[in-house]
Amino acid sequence: QRDFNFETSEASATILSPVDGNAYELLGSLSGTAADQFGVKVVSVTVQIKNGNFWTGTNYTSPSGSPVWFTAALVDTGDGKNFTWSYSSTTFNFADDTLYTIGVRVENRAGVLKVGQPAEFTFDTLDPAAGVAHPTRQSAPLNANSVGFYLNRLDSITGTATDVPVARVNPSNVNDIQVKIKSVAGVDNNKYWDPLTGGFNDTITVWLPTTLRRGARDGRHGP
């Protein structure tokens with residue numbers, strides 16, 4: 001007598017890291033889960049510059065439409081049906097300011113293949129640039145003299161920020177801008193503005209959120 005399992009249904013596989021749509025400065029490994037009622041045989045991953053070439057193991061030269069699959073490490077969670085998988089990303093040589101697509105493929109013990117939902121992420125290692133446009137001597141020249149720069153009210157802080165240091169396909173973008181206001185003289189010297197109390201009464205840095213306009217990439221906050 002011989003027993004066997006007959007299966008035509010597909011296994012499932014998901015990508016947990018990287019999270020679809022996120023940006024990363026470091027990415028230690030690719031990982032996710034896989035499942036099949038009779039067990040998972042192999043999970044494989046592929047890496048592609050979005051709408052471009054695939055990683056071959058040494059460089060991104062495999063043309064679009066010709067993915068190269070790498071076998072991930074597979075761990076049974078204990079029931080023979082549910083698994084976790086991982087693959088080191090240190091060999092992928094992710095480039096700054098570039099959008100990548102991670103693909104996943106799973107094969108069950110019956111040999112049925114299934115390609116799972118891909119995940120996209122931006123790899124970004126260079127610092128963005130930001131500057132204050134108002135208040136400055138240039139934005140309010142009548143309030144400045146050789147001694148200093150003076151205001152009797154401040155309704156808004158504005159500026160610009162950018163995160164496109166070089167021309168690349170699918171560049172990353174500025175995601176968040178924050179500002180801080182510090183007193184450098186008088187009784188509030190070295191204290192930071194705290195909107196919760198309406199005064200300079202904190203000795204720790206208080207970062208204030210801004211409104212980000214994607215088109216012009218400038219932030220505004222009304223303290």
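Mentor: A residue counts as buried when its relative accessible area is under 20%, as exposed when that area is over 50%, and as partly exposed in between (1.4 Å probe, protein chains only). By this criterion, buried residues make up 35% of the 223 residues in the chain. The model is predicted, and local features need pLDDT of at least 70, side-chain atom pairs count only at pLDDT 80 or more, while totals for chains, interfaces and linings use all residues. Residues are numbered from 1 along each chain as its sequence is written, and side-chain values use heavy atoms, with hydrogens and water left out.

Trainee: Why is T98 called buried?

Mentor: T98 has a relative accessible area of 7%, and the limit for a buried residue is under 20%, so T98 qualifies.

Trainee: Which strand holds T98, and how many helices and strands does the chain have?

Mentor: T98 belongs to strand β10. The chain contains zero helices and 20 strands, where both are DSSP runs numbered from the N terminus: helices are H or I with at least four residues, strands are E with at least two.

Trainee: Why is the meeting of E10 and K114 called a salt bridge?

Mentor: A salt bridge is a side-chain nitrogen of Lys or Arg within 4 Å of a carboxyl oxygen of Asp or Glu. For E10 and K114 the N to O distance is 3.7 Å, so the pair meets the criterion. E10 lies in the segment before β1 (12–17) and K114 in strand β11 (residues 113–115), so the pair ties together parts that are 104 residues apart in sequence. E10, at 47% relative accessibility, counts as partly exposed, and K114, at 32%, is likewise partly exposed.

Trainee: How many salt bridges does a search of the whole structure find?

Mentor: The search finds three. Another of them joins the side chains of K41 and E107 at 3.9 Å, N to O. This pair links distant parts of the chain, with K41 in strand β4 (residues 40–49) and E107 in strand β10 (residues 98–108), 66 residues apart. K50 and E120 also meet in a salt bridge, at 3.4 Å, N to O. K50 lies in the loop between β4 and β5 (54–55) and E120 in strand β12 (residues 119–123), so the parts tied together are 70 residues apart in sequence. K50 is partly exposed at 23% relative accessibility, and E120 is partly exposed at 27%.

Trainee: With which residues is K41 in contact, leaving aside its neighbours within four places in sequence?

Mentor: Contact means heavy atoms within 4.5 Å, and K41 has such contacts with L74, E107, N108 and R109. The C-alpha atoms of K41 and N108 are 5.0 Å apart, although 67 residues separate the two along the chain. Across the chain, residues 24 or more positions apart account for 59% of the contacts with a separation of 6 or more.

Trainee: Which residues touch the most other members of the largest nonpolar core?

Mentor: A nonpolar core is a set of buried Ala, Val, Leu, Ile, Met, Phe, Trp, Tyr and Cys residues joined through side-chain atoms within 4.5 Å. In the largest core, of 27 residues, L30, V43, V47, W85, F92, F94 and F121 touch the most other members. The elements giving two or more residues to this core are β1, β3 (29–35), β4, β9 (82–88), β10 and β12. Another core, of seven residues, lies apart from it and includes Y192, W193, V206 and L208.

Trainee: In what order do the four strands of the open sheet lie?

Mentor: The order is β1-β3-β9-β8, with antiparallel pairing. β1 and β8 (73–76) are the edge strands, each pairing on one side only.

Trainee: How many bridges join β16 to β17?

Mentor: Three bridges join strand β16 (residues 192–194) to strand β17 (residues 199–202), and the two run antiparallel. D194 stands opposite G199 in β17. The two strands form a hairpin with four residues between them, and G198 in the turn has a positive phi of about 75°.

Technical notes: Pairing = 2+ DSSP bridges.
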